[in-house]
Amino acid sequence: MTGDETRTTASATARASAATALPEHSGAPTRAWRKRLLVAGIVLAALNLRPAITSFGALLEEVRDGLGMSGSVAGLLTSLPALCFAVFGVTAPRLARRFGPGAVVCAGMAAIATGLLVRPFVGNTAAFLLTSGLALAGIAVSNVLMPVIVKRWFPDRVGSMTGLYSMALALGTASAAAVTVPVTDALGGDWQAGLAVWAALAAAAVLPWLAFVRDRGGASAAGERAPEPPRGDGRPGERAGQVPALRITRSRTAWALAVFFGLQATAAYISMGWMAQIFRDAGVPAGQAGLLLAVTMVMGVPLAFVIPRLAARLPRQGPIVLVLGVSGLLGYAGLYFAPAAGAWAWAVLVGTANCAFPLALTMVGMRARTGAGVAQLSAFAQSTGYLISIPGPLLVGVLYQHSGGWGLPIALMAGLMVPQMIVGVLAGRDRTVEEEAVAVRVGG
């Protein structure tokens, strides 16, 4: 949500898209002013989907000193985004069916604003965790629903609107990393004010969504299902309109993709939470360390457009996986041997490696034949992947605290890149989960 991180989210929305669609208003054309207002709301919401994470990473040392926080607890905080995305993101479709997606996104922005405003002033670590969780819960539900809203309201401009959304997300991610330290310095070095200032941006995002609070998703859309593809004998596996009985957990490709998703998310959240601190401990000034983190995050802006298009043209995505993995290994090697001397190069290389996120989302769409298959695969890959990513940032914090340096944590980060490359190559093979599931059923 970088990198939460392009924070995304498209794989979870595949499962939710039918159930959470915005109403068509009886076929009447939507007024131009409402569409303009919705565009503003989408951009403002996207800008708020990562500052809660990267602003904390930029001031991690000050927060730890101010709250007396151990390295292990700081690691827990860097794992919290993945946990909240896994736990709260799955509630978004149900909430949208009940209250409407516009109302849920509006509430999500309010939760972000409240959490960011309150958490710097709570005075203890436990309350800081809880208020961070409130902000992350708002991010989680908005992550899932915003691309769905784009697809429903702008069906003829999904590409351009998704590009706008992705750029705003990356811009918010990088901006929080780059300017949090200078803003804190301008406010007299008060880290609490430096963190709380981001609540203003989230509060501004609430306003345009107030106009869409009363919108409700169409009830009929909840029943839409894609038919199952034919079996090996050419007969359909289910009656048309039923959910296909696809046993996704029996697909090796599905598991490979889920592990790939989890490992790339692990690398992204470690970067967002710890990269600035790695540079600061190497003697890089705090402001420059924030800019380096911003460089890492902003790499997702151009590559998020290039990688999916290139991946879709290739029958196998393994070569892209390997290029990104090698970039990560080179970046981590640089951080290990000369973190300050080549800091800008390492930031670019690690940022390039973190662009495995849009590649993972692209492969979700390519590894299933039907819409229903994509929905099942994306739900499985994202939920399993976020659970896999939870321990990584926490373990980095523990190793950092107990080893007294960054040697072991960076070695862990580089070591995780190797299985990421292996499972990524497996997930990138030219096959679909339906074929594997059918083969298991027929063979069994």
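A cavity is a set of points on a 1 Å grid over the protein atoms alone where a 1.4 Å probe fits but cannot get out, and its volume is the space filled by probe spheres set on the points, which are joined across faces, edges and corners. This is a predicted model, in which local features need pLDDT of at least 70, side-chain atom pairs count only at pLDDT 80 or more, and totals for chains, interfaces and linings use all residues. Residues are numbered from 1 along each chain as its sequence is written, and side-chain values use heavy atoms, with hydrogens and water left out.

**View 1. The largest cavity and its lining.** The volume of the largest cavity is about 110 Å³. Its lining (residues with an atom within 4 Å of a point) consists of 13 residues, and A52, I53, F56, L77 and R119 lie nearest the centre. Helices α3, α5 (71–89), α8 (125–153) and α12 each contribute at least two lining residues; helices here are DSSP runs of H or I with at least four residues, numbered from the N terminus. The largest share, four residues, is from α5. By class, the lining has nine nonpolar, three polar and one charged residues (nonpolar: Ala, Val, Leu, Ile, Met, Phe, Trp, Tyr, Cys and Pro; charged: Asp, Glu, Lys and Arg; polar: the others, Gly among them).

**View 2. Helix α3 (residues 51–58) against helix α12 (residues 252–281).** The two pack at an angle of about 20 degrees, with axes 8 Å apart (axes are lines fitted to C-alpha atoms over the stretch in contact, and angles run from 0 to 180 degrees between N-to-C directions). Therefore α3 and α12 are roughly parallel, a term for angles under 35 degrees, while those over 145 count as roughly antiparallel. The crossing of α3 with α12 is right-handed, meaning that the near helix is turned clockwise from the far one by less than a right angle; left-handed is anticlockwise. I53, T54, G57 and A58 of α3 make the contact with Y269, M272, G273, A276 and R280 of α12, where contact means heavy atoms within 4.5 Å.

**View 3. Helix α12 against helix α17 (residues 356–366).** Their axes come within 9 Å and cross at roughly 160 degrees, which makes α12 roughly antiparallel to α17. The crossing is left-handed. From α12, L257, F260, F261 and Q264 meet A356, F357, L359, A360, L361, M363 and V364 of α17. This contact has ten nonpolar, one polar and no charged residues.

**View 4. Helix α15 (residues 318–337) against helix α16 (residues 343–353).** The packing angle is about 145 degrees and the axes are 7 Å apart. Helix α15 passes α16 in a left-handed crossing. The contact has eight nonpolar, five polar and no charged residues.

How values were computed:
Parallel < 35°, antiparallel > 145°, perpendicular 65-115°, else oblique. 1 Å grid on protein atoms, 1.4 Å probe; cavity = no way out; pocket = protein on both sides within 12 Å on 5 of 7 lines; lining within 4 Å.
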